[in-house]
Amino acid sequence: MEALRAVLEFIQKFMQEPSLFLGLIALLGFLLLRERVERTISGTLKTAIGLLILLAGVNLMVQALLPLGELAGKTLGLPPVQIQIGTQKIISELGIQIGLVMLFAFLINVLLTRFLGGLGFKYIYLTGHLIFWNAVIFVSAFRYILGLEGAALVIVASLFTGLYQTIQPWYTHRFDLFVNEGSGFVLGHSSSLTVLATAWLSRLLSGGGKRQVGDMEALRFPRALEWLREPMLLMAATFLVVYLIMAALNVSFVVEAAGKAGKHPIIWVLLQALNFAAGFAILIMGVRMIIAELIPSFKGIAERIVPGAIPALDCPLFFPYGQVSMAYGGLIGMLTMVLVSLLFAAGRYPFFIFAPTMSVWFHGATAGVYGNKYWGIPGAILGGVVAGVLMGVGQALMWPVLGFAIGDFFSWASDTDYVLWPLLIALIGRILGR
């Protein structure tokens, strides 16, 4: 039992490291292609390093975003989140079940892709860190909504998670390949329902992309502001304005946060905005390295093990296809969800709906890219609005069902797939009388 626990813990830890996981996939692909040794080593290392660069950029952006969420919460007088169990305790107590579900769900995805590829299910979910969180959320849902335990919990949660990781890239793939112009990868991310709703609505309202209203990427600025066409500079300027507004509304918070960081308050505000833009520049560098190495290597897997398979990857890989749309989509998503939170609070909803800054920015940014591609400027704005509304409403629906167990998770990552897909499990429980 201890040996099994050690093996599962290793698998769990390994798959929680997306750089190692994707590096292994790239290595397998190059070996199957029988590439030269130097090309195999180079491509494997660049894939792993590329993802580490991407994650370093994301971490820098997240560190700049988190104080903004805390600042907004304190300025608006929003209460802290109250939960009974907590995500960390669930991961500790159900670690073996979560590790088994991660492994079995991945194998189910590969097997379904291998044998149902002819029906269109040909996408292998490779977003490593989300394979872990998919297992955590769905194991929690089956444990605390349906009351499953032991083998039954592992079997049912593995089937559900494996089916989710197979179906999710399938229902967004047409939009993914339109946005990235057939670059050989699709979306494998927990924002898929936001992307699906945005792309479907934008395509419908634009007559299949034939009635674009402007292009967010071609926005014209006065000559003195032409520098805002550079996405990195646009993001720095935008977040500086947001930070300055929030700081003016709550000076004491900024003074306290700057003091903890050992900075002058004005310098602290400037650095938050600049760090976010710097993080984005690093992220894009990592994305380009991954696309250049992983996609060619994946041909080996597609040709030898799972014919015709296509990788489903993280949402930042779509950012290069609409960098201005991404910046505005993320910002609009944040503002929309804060508004949704205030509306629920004003309506005296019994549960606190929190706007998770990091998560809603990435949802809005991704959806903004999709919306702009189909409908132009209105589509990019729609993407941010859809992200904020779906995440807020989804969180409100899930709080009475699962908030007592993983409500803290919702406060920093209420991804639409994590607050809407478990509703299906709740519906099953209602039908079964649980």
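1. E181 and K373 form a salt bridge (a side-chain nitrogen of Lys or Arg within 4 Å of a carboxyl oxygen of Asp or Glu), with the closest N and O atoms 2.9 Å apart. This pair links distant parts of the chain, 192 residues apart: E181 lies in the loop between α7 (150–179) and β2 (186–187), and K373 in helix α13 (residues 357–375). Helices (H or I, at least four residues) and strands (E, at least two) are DSSP runs, numbered from the N terminus.

2. The model is predicted: local features need pLDDT of at least 70 and side-chain atom pairs count only at pLDDT 80 or more, while totals for chains, interfaces and linings use all residues. Residues are numbered from 1 along each chain as its sequence is written, and side-chain values use heavy atoms, with hydrogens and water left out.

3. The two partners of the first point fall into separate accessibility classes, for which buried means under 20% relative accessible area, exposed over 50%, and partly exposed in between (1.4 Å probe, protein chains only). E181 is exposed at 59% relative accessibility, whereas K373 is partly exposed at 22%.

4. A further salt bridge joins E293 to R39, where the closest N and O atoms are 2.6 Å apart. Here too the pair links distant parts of the chain: E293 belongs to helix α11 (residues 265–304) and R39 to helix α3 (residues 37–75), 254 residues apart. E293 is buried, its relative accessible area being 8%; R39, at 27%, is partly exposed.

5. The salt bridge between the side chains of K260 and E256 has an N to O distance of 3.5 Å. Both residues lie in helix α10 (residues 251–261), and because they are four residues apart, about one helical turn separates them. K260 is exposed, with 70% relative accessibility, and E256 is partly exposed, with a relative accessible area of 40%. By the stated rule, the count comes to five salt bridges, including the one between K260 and E256.

6. Turning to the strands, three of them form an open sheet in the order β1-β3-β2, with parallel pairing. Two strands pair if DSSP finds at least two bridges between them.

7. Strand β2 is joined to the parallel strand β3 (residues 310–313) by two bridges. Across this pairing, L187 stands opposite L313 in β3.
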